[in-house]
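Here are my notes on this model, written for someone opening it for the first time. Have a look at the sequence and structure, then read through the points below.

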Amino acid sequence: MGDTAPWSRIRTRSGKKQGDILRHSKQPPKKKNMKLLGSFTSPYTRKVRVVLAEKKIDCEFQVVVPSDPEGPVMKYNPLARVPVLVLDDDNALFDSPVIVEYLDNAAPNNKLLPQPNRERIEVKLKEALADGLMDAAVAARLESVRPKKEQSATWIARNRAVIQLCLARIAADLGENAWSMGTHFGLADIATGCALGYLDLRFPDIDWRGEYPNLAKLHEKLMARPAFADTVPPQG
Ligand SMILES: N[C@@H](CCC(=O)N[C@@H](CS)C(=O)NCC(=O)O)C(=O)O
C-alpha cells in the first residue's frame, strides 16, 4: 500500500514524470475521504462501524452488495466480501481484523488494542474466536436459505456445533470479569458483542443468554454504548 504514492496515479498528457508535476505545482494531490463499504447486517462490518464510533473517526458508510460485478467491492477486494475500507489515497483494506487494527493505530485516542506482545495477541485471539463464531453463523445461515433440496443438514449442524463451542469458550474465558480482557473495554469486547448480535439477528432459537448469563451481562453493558446501540442490525 505504502509503495504507491498518490501522485503516481496522476496521468499527464505531456508525459512528464509525476514527481516533476508535484514539485512544480502548488496544489497538493487531491485526497478523498475515507469510505467504508459494507452492509447493515454484516457482523464484520458492524465491528468496523463500532470501532469507528468508539475512536470518533469520521468515515462515510456506503451500503453495497458485495457480489455486484458492477459494484465497488469487486474493484477493491478480490475476495468480494465486506467490509472494505477505502483509504483517502484510494487504496483499500480488508478483512475486518486488518481494518480495525489500522483504525486503532490511526488515532491515539481510546486505544482498543494493547501494546505488543502477549496482551495484544490475547486480544487478537479473542477477536479470532468471535470472528470464527461469526463465520460459522454466516455459513449456517447461508446454507439454510438455499433451496431446501440443495441444503446440507450436516453442514448446518456442523456450523451450529462450532457456534456452541465458540460460545462455551468465550463464556469460560470471560468468567466473572467485567470485560473480555479483565478491567478494560476493548476490541475483544467489540468483536464478541458483534458476534452475539448476529446470533440475535439470525438464530433467535439459540438461547445464549439463558445458557451463559455472563455473556448476557457483557452484551447488556455493550448495548449501553452508543456505538453498539446505533449499529444494531435491522431485522429482515
Ligand atoms: N473474514 C472476513 C469475513 C467477511 C465476510 O465474510 N463478509 C460477508 C458478509 S457478512 C460477505 O461479504 N460475503 C459475501 C457476500 O455477501 O456476497 C472479515 O473479517 O472481514
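1. Helices and strands here are DSSP runs, H or I of at least four residues for helices and E of at least two for strands, numbered from the N terminus. On that basis the protein chain has 10 helices and 4 strands. Going along the sequence, the pattern reads α-β-α-β-α-β-β-α-α-α-α-α-α-α.

2. Some housekeeping. This is a predicted model, where local features need pLDDT of at least 70, side-chain atom pairs count only at pLDDT 80 or more, and totals for chains, interfaces and linings use all residues. Residues are numbered from 1 along each chain as its sequence is written.

3. How confident is the predictor? pLDDT is its confidence in each residue, from 0 to 100. The protein chain has a mean pLDDT of 90, with 87% of its residues at 70 or more. Residues 1-24 are the stretch to watch: pLDDT stays under 50 there, and the model has 13 contacts beyond four places in sequence for them. (Two residues are in contact if their C-beta atoms, placed from the backbone, lie within 7 Å.) Where pLDDT is low, the predicted coordinates should not be read in detail.

4. On the overall fold, 30% of the 236 residues in the protein chain count as buried. Buried means 20 or more other C-beta atoms within 10 Å of the residue's own, exposed means 12 or fewer, and partly exposed is in between, with C-beta atoms placed from the backbone. Of the contacts in the protein chain between residues at least 6 apart in sequence, 65% join residues at least 24 apart.

5. Now a helix pair. Helix 2 (residues 43-55) packs with helix 4 (residues 96-106) at about 5°, and their axes are 10 Å apart. Axes are lines fitted to C-alpha atoms, for helices over the stretch in contact, and angles run from 0 to 180 degrees between N-to-C directions. The two helices are therefore roughly parallel to each other, a label for angles under 35 degrees. From helix 2, Tyr44, Lys47, Val48, Val51, Leu52 and Lys55 meet Ser96, Ile99, Val100, Leu103 and Asp104 of helix 4.

6. Beyond its neighbours within four places in sequence, lysine 55 is in contact with Leu103, Asp104, Ala107, Asn109 and Asn110. Lysine 55 is partly exposed, with 19 other C-beta atoms within 10 Å.

7. Which residues are around the ligand? They are Ser42, Tyr44, Pro66, Ser67, Arg81, Val82, Pro83, Phe94, Asp95, Ser96, Asp131 and Val138; being near a molecule takes a C-beta atom, placed from the backbone, within 6 Å of it.

8. Check two peptide bonds. Phenylalanine 94 and aspartate 95 are joined by a cis one, with omega about -10°; aspartate 95 sits in the loop between strand 4 (92-93) and helix 4. The bond from proline 116 to asparagine 117 is also cis, with omega near 15°, and asparagine 117 lies in the loop between helix 4 and helix 5 (118-144).

9. Finally, phi angles. Alanine 80, in the loop between helix 3 (72-76) and strand 3 (84-86), has a positive phi near 55° without being glycine. Aspartate 90 is not a glycine either, yet its phi is about 75°; its place is in the loop between strand 3 and strand 4.

Technical notes. pLDDT is the predictor's confidence in each residue, from 0 to 100. Angles under 35 degrees count as roughly parallel, over 145 as roughly antiparallel, 65 to 115 as roughly perpendicular and the rest as oblique.
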